[in-house]
Amino acid sequence: MGFLKMTKGLIAKSLLTLLVLFLCLTILLTLPLRWVNPGVTAFVLADENIKSLNLRDKWASYDEVAPQVFLAVIAAEDQKFPNHFGFDFESLKKALLEGRTKPRGASTITQQLAKNLYLWSGRSIIRKGIEAWLTLWLEIFLPKERILELYVNVVEFGSGIYGIGEAGEKFYSVSPQQISLFQASTLAAVLPNPKRYLVATPSSYVYQRAKNIRSSMRALGGVGYLNKL
């Protein structure tokens, strides 16, 4: 009995130690992002078209990005962004109940940020579980404005083109602060698949999606909507 009790104690202690280490690792991965801009992400590292890239070289702070860029991203990707804590359970429920062969995406901006920063593409339960865990901690540690700033600076807008600074320069020869409403909606329109949907030569689908995004931006109340963050 004494040996069994000691064994159980060691197992419990080991599990507690692993839990503490996992929690510390999570904090180290997420809390510094409140102040530190990442130079690279998991998606950048996995991109075979890129030999070297430092995201900080073209980084644009929140105040250096045109407000319509943030509003376009919210209108396109996550219209409940100011009000949720990382998860849109209503949209997730609808996606599950639709019964599509390929489920409709219901990821929030924070979830997509977690995936871009740390993870890989795919729909495995393990990946989604890690994504959800990191999403929770990003929401705990980071203001909504910072989450948006990080997202537009790390997301891919075209093949090998990461971040709003690089995208504004490559596609429109403007700084992030100078991006127009039309340009912002077009950039947001390609986010679901920036290797298939092109900013430089938009298809009719991209044009229509950009038009719908502009309509959604007006319905949300314009850039004043960002005051809810």
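The model is predicted, so local features need pLDDT of at least 70 and side-chain atom pairs count only at pLDDT 80 or more, while totals for chains, interfaces and linings use all residues. Residues are numbered from 1 along each chain as its sequence is written, and side-chain values use heavy atoms, with hydrogens and water left out.

**Overall layout**

I went through the secondary structure and got 10 helices and 2 strands. Helices (H or I, at least four residues) and strands (E, at least two) are DSSP runs, numbered from the N terminus. Read from the N terminus, the order is α-α-α-α-α-α-α-β-β-α-α-α. I also looked up the extent of the C-alpha trace, which spans about 75 × 40 × 35 Å along its principal axes. Then I checked contacts, meaning heavy atoms within 4.5 Å. Among those between residues at least 6 apart in sequence, 69% join residues at least 24 apart.

**Helix H3**

I turned to H3, residues 67–77. With 9 of its 11 residues buried, H3 is largely enclosed by the rest of the structure. The buried ones are Val69, Phe70, Leu71, Ala72, Val73, Ile74, Ala75, Ala76 and Glu77. What covers them? The cover includes H5 (109–118), H7, H8, H9 and H10.

Two packed helices are described by the angle between their axes and the distance between the axes. The axes are lines fitted to C-alpha atoms, for helices over the stretch in contact, and the angles run from 0 to 180 degrees between N-to-C directions.

Which residues of H3 and H7 meet? On the H3 side I noted Val69, Phe70, Val73, Ile74 and Glu77, and on the H7 side Leu148, Glu149, Tyr151 and Val152. By class, that contact has 7 nonpolar, no polar and 2 charged residues. The classes are Ala, Val, Leu, Ile, Met, Phe, Trp, Tyr, Cys and Pro as nonpolar, Asp, Glu, Lys and Arg as charged, and the others, Gly among them, as polar.

**Helix H9**

H9 is mostly covered too, with 7 of its 9 residues buried. I listed them as Gln183, Ala184, Ser185, Thr186, Leu187, Ala188 and Ala189. They pack against H3, strand E1 (156–158), helix H8 (164–172) and H10.

**Helix H10**

H10 (residues 204–219) has 16 residues and reaches 23 Å from first C-alpha to last, close to the 22 Å expected at 1.5 Å a residue. The expected span is 1.5 Å times one less than the number of residues. I found Val206, Arg209, Ala210, Ile213, Arg214 and Met217 buried. They cover an arc of only 145° around the axis, which puts them on the same side of H10; the arc is that of the directions from the helix axis to the C-beta atoms. These buried residues pack against H3 and H9 (181–189). The face turned away from them carries the exposed Ser204, Arg218 and Ala219.

I also stopped at Tyr207, which sits in H10. Leaving out residues up to four places away in sequence, Tyr207 touches Phe182 and Pro202. Just after H10, Gly221 takes a positive phi of about 105°.

**Two serines in loops**

Ser173 lies in the loop between H8 and H9. Its phi is near 55°, a positive value in a residue other than glycine. Most residues other than glycine have a negative phi. Ser173 counts as exposed, at 65% relative accessibility.

Ser159 is in the loop between E1 and strand E2 (161–162). At 46% relative accessibility, Ser159 counts as partly exposed. Apart from residues up to four places away in sequence, Ser159 touches Asn49, Pro194 and Lys195. I also checked Ser159 against Tyr197, 38 residues apart along the chain, and their C-alpha atoms are separated by 9.8 Å.

Conventions: Buried < 20%, exposed > 50% of the residue type's maximum accessible area, 1.4 Å probe, protein only.
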